[in-house]
Amino acid sequence: MFEVWGGRRWREQLAPLNPNDLPQTASGASAPATGELESSALAMVVKFGYQADRSDIGKFALAVRALHHPASKPFLTDILQNPQTTSKTENAKWKDNLGGQWTDAKYVAAVGLAELGEHAAVEWLLARARPNEFGFDSSLFHARHFHDPRGSLRESSRLALIDLFGQQHDATHTQLQQWWITNQQQLIFRSVPLKAN
């Protein structure tokens, strides 16, 4: 359900990029009103998401991201900002906040928030896409970018930015950073294909 509703929302969002690419509806016809159903389904998934442990948090992030609904921003923001240390659990929405599953959940949350136009999430992806001199990287196990066969957080973040910005597949971090600085005010974000989708 979330993917179908999210797909409709994507068609509406991307209409300015290609107005002739939308499916035609009969005169006077419109999509069925699902606002109340969407809201209650999202509220239920979010409620259980806040009770999830680290092995399930990524699944809830994927589900909420699929809806592509502005009301999902607080939940995705909480995932992205949840501390991953043993010393800061008093401010955490989830006390079970350690482990690699959180890397996947935070990546999905950042992608979902960026798709919804949240600039802080784009900055998070840019920071993760930045190469470092030591070659350190994190791994994604359940929700990497569709075109990243290795599950590298750095590469998946770079590829997500390419999709969000509509750039060439070989764009470097430096090119993406510069493009973001120049174009962030008039940007219409595009969808990012994840392997878990």
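R65 and E115 are joined by a salt bridge in which the closest N and O atoms lie 2.9 Å apart, a salt bridge being a side-chain nitrogen of Lys or Arg within 4 Å of a carboxyl oxygen of Asp or Glu. This pair ties together distant parts of the chain, since R65 sits in helix 3 and E115 in helix 5, 50 residues apart; the helices (H or I, at least four residues) are DSSP runs numbered from the N terminus. Both R65 and E115 are buried, where buried means under 20% relative accessible area, exposed over 50%, and partly exposed in between (1.4 Å probe, protein chains only).

The model is a predicted one, in which local features need pLDDT of at least 70 and side-chain atom pairs count only at pLDDT 80 or more, while totals for chains, interfaces and linings use all residues. Residues are numbered from 1 along each chain as its sequence is written, and side-chain values use heavy atoms, with hydrogens and water left out.

By the rule given above, the count comes to five salt bridges. Another of them joins K73 and E118, with the closest N and O atoms again given as 2.9 Å apart, and it links K73 in helix 4 to E118 in the loop between helix 5 and helix 6, 45 residues apart. Here K73 is partly exposed, with a relative accessible area of 24%, and E118 is partly exposed at 29%. R154 and D137 also meet in a salt bridge (4.0 Å, N to O), which connects helix 7 with the loop between helix 6 and helix 7 across 17 residues. R154 counts as buried because its relative accessibility is 17%, whereas D137, at 37%, is partly exposed.

We turn next to the nonpolar core, a set of buried Ala, Val, Leu, Ile, Met, Phe, Trp, Tyr and Cys residues joined through side-chain atoms within 4.5 Å. The largest such core has 50 residues, of which I79, Y107, L125, L161 and F165 touch the most other members. Helix 5 gives the most to this core, with nine residues. Leaving aside neighbours within four places in sequence, L161 is in contact (heavy atoms within 4.5 Å) with V122, L125, L126, A129 and L176.

Finally, there is the question of confidence, for which pLDDT gives the predictor's confidence in each residue, from 0 to 100. The chain has a mean pLDDT of 82, and 80% of its residues reach 70 or more, but over residues 24-33 pLDDT stays under 50, and for this stretch the model has two contacts beyond four places in sequence. Where pLDDT is low, the predicted coordinates should not be read in detail.

Definitions and conventions. Helix = DSSP H or I, 4+ residues; strand = E, 2+ residues; numbered from the N terminus.
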